[in-house]
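Work through the exercises below with the structure open beside you. Try each task before reading its solution.

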Amino acid sequence: MNKVPMTARGAEQLREELRYRKSELRPKIINDIEEARKQGDLRENAEYHAAREQHGFNEGRIQEIESKLSSAQVIDVTTMPANGKVIFGVTVELADVDSGDELRYQIVGEDEADAKSGLISLNSPIARALIGKAEGDIVQVVAPAGARELEIVKVHYI
């Protein structure tokens, strides 16, 4: 089985979602199903069918999270030597060579990615261009919006 890289924060968020779905949401849905059953004819009982559908979705998500956690390789960059190299989990300060715009991204696993929050997937064009480079390097990123040159200003192991 292939290991999937994940930050410690991402793994903790998945564990918390799993705990919530198993210990809070599952009992609530089961209770909703029982209440709907008490209403009689199940063939035309919308509440019953909605609760069963919600139950199926919740159980599917529980299985998905358990699978992700079992194949996760949790990487904590705070334990890595801070040598200025871009690796999975680091936060990178960048400067656009042409415009001078400053950017800040953390390279995370696919499930954790949220570009608006500055979390980019390891498989994104920017992250692929940055991995293995060091502070002071200039990288060319070919993205859907076009090619850009970015300078790696600072690498944070936080």
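**Exercise 1.** Is Thr91 buried or exposed?

Solution. The model used here is a predicted one.
Step 1: Find the relative accessible area of Thr91, which is 8%.
Step 2: Compare this value with the cut-off, since buried means under 20%.
Step 3: Thr91 is therefore buried.

**Exercise 2.** Find the strand that holds Thr91, and describe the surroundings of this residue.

Solution. 
Step 1: Thr91 lies in strand S3.
Step 2: Strand S3 covers residues 91-96 and is joined by five bridges to strand S4, residues 102-108. The two strands run antiparallel.
Step 3: Within S4, Gln106 is the bridge partner of Thr91.
Step 4: Leaving out residues up to four places away in sequence, Thr91 touches Arg104, Tyr105 and Gln106, and also Lys154, Val155, His156 and Ile158.

**Exercise 3.** Give the order of the strands in the open sheet and name its edge strands.

Solution. 
Step 1: The sheet has five strands, and their order is S5-S4-S3-S7-S6.
Step 2: The pairing in this sheet is mixed.
Step 3: Strand S5 (119-121) and strand S6 (138-143) are the edge strands, because each pairs on one side only.
Step 4: On average, neighbouring strands of the sheet are turned by 45° against each other, direction ignored.

**Exercise 4.** Describe Val139 by its place, its burial and its contacts.

Solution. 
Step 1: Not counting residues up to four places away in sequence, Val139 touches Ala129, Leu130 and Lys133, together with Arg148, Glu149, Leu150 and Ile152.
Step 2: For a distance across the model, take the C-alpha atoms of Val139 and Arg52. These residues are 87 residues apart along the chain, and the atoms are separated by 51 Å.

**Exercise 5.** How do helix H1 and helix H2 pack?

Solution. 
Step 1: Two packed helices are described by the angle between their axes and the distance between the axes.
Step 2: Helix H1 (residues 8-37) and helix H2 (residues 46-70) pack at an angle of about 160°, and their axes are 9 Å apart.
Step 3: Angles over 145 degrees count as roughly antiparallel, so H1 and H2 are roughly antiparallel to each other.
Step 4: The crossing of H1 and H2 is left-handed.
Step 5: The residues of the contact of H1 with H2 comprise 13 nonpolar, three polar and 13 charged.

How values were computed:
Residues are numbered from 1 along each chain as its sequence is written. This is a predicted model: local features need pLDDT of at least 70, side-chain atom pairs count only at pLDDT 80 or more; totals for chains, interfaces and linings use all residues. Side-chain values use heavy atoms; hydrogens and water are left out. Helices (H or I, at least four residues) and strands (E, at least two) are DSSP runs, numbered from the N terminus. Axes are lines fitted to C-alpha atoms, for helices over the stretch in contact, and angles run from 0 to 180 degrees between N-to-C directions. Buried means under 20% relative accessible area, exposed over 50%, partly exposed in between (1.4 Å probe, protein chains only). Contact means heavy atoms within 4.5 Å. Angles under 35 degrees count as roughly parallel, over 145 as roughly antiparallel, 65 to 115 as roughly perpendicular and the rest as oblique. A crossing is left-handed if the near helix is turned anticlockwise from the far one by less than a right angle, and right-handed if clockwise. Ala, Val, Leu, Ile, Met, Phe, Trp, Tyr, Cys and Pro count as nonpolar, Asp, Glu, Lys and Arg as charged, and the others, Gly among them, as polar.
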